[in-house]
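Reader: I have a model open and want to learn how to read it. Where shall we start?
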Amino acid sequence: MENFEVVNPTRIVFGKNQLGRLPQLLKEQKVTNVLLVYGGGSVQRIGLLDKVKEQLSAFNVIEFGGVEANPEYTTLMKAVELARESETDFIIALGGGSVIDGVKFISGAINYKGEPWDVLERKEGCSFQSAIPFGTILTLPATGSEANSGAVISRSELKLKLTMGGPLFFPVFSFCDPTVVATLPKRQIANGIVDAYMHTLEQYLTYPMDNLLQEREAEGILSTLIEVANVVDHPNDYKLASNLMHCATHALNGNLRCGVISDWTTHMIGHELTALFGIDHAQSLAIIAPRLWEQKFSEKQDKLTQYGRRVLHLEGDNATVARKAIQKTEEFFQSLGVKTHLSEYTSSYQGCEKTISTIFKNRGWVAMGERKSITLDDVQQIILSSI
Ligand code: NZQ
Ligand code: ZN
């Protein structure tokens with residue numbers, strides 16, 4: 001087994017009717033001025049904003065709404081200004097991955113003296129040195145952002161989507177109430193399943209590892225997600241919804257990566273498809289993943305076979321099982337209503353393989369995957385075959 005070191009300080013408050021715990025958790029943080037950040041309207045529509053504000057009556061609360069799906073740098077910078085003016089000492093993210101990621105950025109940018117975009121661009125010597133503490137109230141199980149220290153920030157005028165993170169950016173607490181699933185559109189529930197499934201596979205579909213526990217845990221999450229996938233049609237079913245939420249958190253809370261190698265290339269390419277075409281994050285993964293596994297089939301065959309036998313219960317010789325595993329996974333995504341071809345989302349894909357390959361080259365991303373064998377030619381081929 002590989003050596004590893006792991007820490008995750010986030011308190012997960014999981015289940016129904018737990019919001020009453022919020023004032024106490026804030027008092028423990030000695031909070032005075034709260035910045036309450038949310039998205040484009042769903043939390044008002046579902047009545048959650050009022051419930052949260054009720055729990056915040058003992059604190060000075062400033063609200064900032066309007067964070068977009070794929071949170072925009074320019075919008076977040078307005079929140080940073082507001083937080084500076086109001087001497088915010090704690091932030092609450094009320095929303096899905098976009099709002100939570102946005103809050104991670106805001107928390108780091110508040111006390112940053114320079115131009116925060118430089119941090120996202122990883123300019124030399126530019127990094128967030130401190131962060132205002134924050135908690136989250138999750139409204140969409142998908143990204144795992146409620147339980148990790150990563151964030152992805154977009155700047156659409158530059159067609160860029162960049163990552164940030166580090167130990168400063170774990171939420172202090174996260175409320176995870178599965179009843180929010182009942183308020184979600186089908187598309188977002190399906191996206192959540194695909195994103196959690198892909199987070200698991202990015203940390204699993206490499207080559208067989210000696211870390212038997214993490215392999216089984218990943219297979220457990222994948223099997224559970226398949227088992228509860230009909231939550232798309234039964235969002236009020238608490239058993240299904242709670243298991244989806246639990247899986248999504250576990251898929252990216254740092255546990256699965258302990259002592260194993262990963263391959264995040266699908267996410268890397270997917271983020272560029274979102275930046276270029278506005279395709280939902282999970283949809284971008286469903287487009288790229290099957291083609292990437294085909295492109296690197298010989299290198300991933302052993303693990304595809306293991307996945308095919310243990311999770312999908314496929315039979316046959318190893319190569320057949322591995323091929324079928326790709327096909328069945330693509331069919332699983334499609335069964336959720338998530339399309340798996342780029343041309344089903346946009347007609348202006350011409351040349352995007354070259355654009356993305358150039359972006360990767362400029363970033364020095366020229367050898368990716370678990371064996372550092374995914375080249376820029378591979379990236380172009382994967383994108384071309386995904387059309
Ligand atoms: O803006 P509102 O009106 O709130 O609507 C949102 C949004 O339009 C809506 N929604 C959220 N909760 C709802 C709801 N609608 C009805 N009822 C509710 N309870 O859903 C739409 C999508 O929300 P968003 O937060 O964008 O979705 P998701 O959670 O999938 O987050 C996607 C973002 O997270 C990043 C992605 O790149 C993308 O920017 N990721 C973050 C990661 C992380 N921090 O660890 C990892 C992921 O791989 C991913 O990259
Ligand atoms: Zn993801």
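Reader: Which polar backbone atom lies 3.0 Å from a nitrogen atom of ligand 1?

Author: One of Gly150. Keep in mind that this is a predicted model. For a ligand, read the polar contacts, then the cover, then the shell. A polar atom of the Lys161 side chain is 2.4 Å from an oxygen atom of ligand 1. A polar atom of the Thr183 side chain is 2.9 Å from a nitrogen atom of ligand 1.

Reader: How much of the accessible area of ligand 1 does the protein cover?

Author: On its own, ligand 1 has 970 Å² of accessible area, and the protein covers 88% of that.

Reader: Which elements give two or more residues to the shell around ligand 1?

Author: Helix 5 (97–109), strand 6 (150–155), helix 7 and helix 10 (265–277). The shell counts 33 residues, and Gly40, Ser42, Gly97, Ser98 and Lys161 come nearest.

Reader: Next, the metal. Which residues coordinate the zinc ion (ligand 2)?

Author: For a metal, list donor atoms and distances, then look at the spacing. The donors are Asp195 (OD), His199 (NE2), His267 (NE2) and His281 (NE2), at 2.0 to 2.1 Å. Their spacing in sequence is D-x3-H-x67-H-x13-H. Asp195 belongs to helix 7 (residues 186–202) and His281 to helix 11 (residues 281–295), so this pair ties together parts 86 residues apart in sequence.

Reader: Are Asp195 and His281 buried or exposed?

Author: Both are buried.

Reader: Now salt bridges. How many does the rule count?

Author: The count comes to 19 salt bridges. For each one, check the distance, the location and the burial. Asp263 pairs with Lys300, with the closest N and O atoms 2.8 Å apart. This pair links distant parts of the chain: Asp263 is in the loop between helix 9 (238–251) and helix 10, Lys300 is in helix 12, and they are 37 residues apart.

Reader: Why do Asp263 and Lys300 count as buried?

Author: Buried means under 20% relative accessible area. Asp263 has 3%, and Lys300 has 2%.

Reader: Which salt bridge joins Glu294 to another side chain?

Author: Glu294 meets Arg291, at 3.0 Å from N to O. Both lie in helix 11, three residues apart, about one turn of the helix. Glu294 is partly exposed at 36% relative accessibility, while Arg291 is buried at 6%.

Reader: Which other residue forms a salt bridge with Arg291?

Author: Glu330, with the closest N and O atoms 2.7 Å apart. That pair links distant parts of the chain: Glu330 in helix 13 and Arg291 in helix 11, 39 residues apart. Glu330 is buried at 11% relative accessibility. Bridges can also join into a network, as with Lys296, Glu299, Arg371 and Asp378.

Reader: Turn to the backbone. What is the phi of Lys159?

Author: Phi of Lys159 is positive, about 55°, although Lys159 is not a glycine. Lys159 sits in the loop between strand 6 and strand 7 (160–165). His313 also has a positive phi, near 55°. His313 is in the loop between helix 12 (297–310) and helix 13.

Reader: What is the relative accessibility of Lys159 and of His313?

Author: Lys159 is partly exposed at 42%. His313 is exposed at 61%.

Reader: Last, the surface. Which residues make the nonpolar patch of about 310 Å²?

Author: Met1, Phe4 and Val6. Phe4 lies in the segment before strand 1 (11–14). At 44% relative accessibility, Phe4 is partly exposed.

Note on methods
Residues numbered from 1 in each chain as written. Chains lettered and ligands numbered in written order. Predicted model: local features only at pLDDT ≥ 70, side-chain atom pairs only at ≥ 80, totals over all residues. Heavy atoms only, no water. Patch = residues over 30% accessible without salt bridge, like charges linked within 9 Å, V, L, I, M, F, W, Y side chains within 5 Å. Areas by Shrake-Rupley, 256 points an atom, 1.4 Å probe, with all protein chains shown as cover. Salt bridge = Lys/Arg side-chain N within 4 Å of Asp/Glu carboxyl O. Helix = DSSP H or I, 4+ residues; strand = E, 2+ residues; numbered from the N terminus. Buried < 20%, exposed > 50% of the residue type's maximum accessible area, 1.4 Å probe, protein only. Donors = N, O, S within 2.8 Å, 3.2 Å for Na, K, Ca; no water. Near = heavy atom within 4 Å. Polar contact = N/O pair within 3.5 Å; in protein donor to acceptor, adjacent residues only side chain to side chain.
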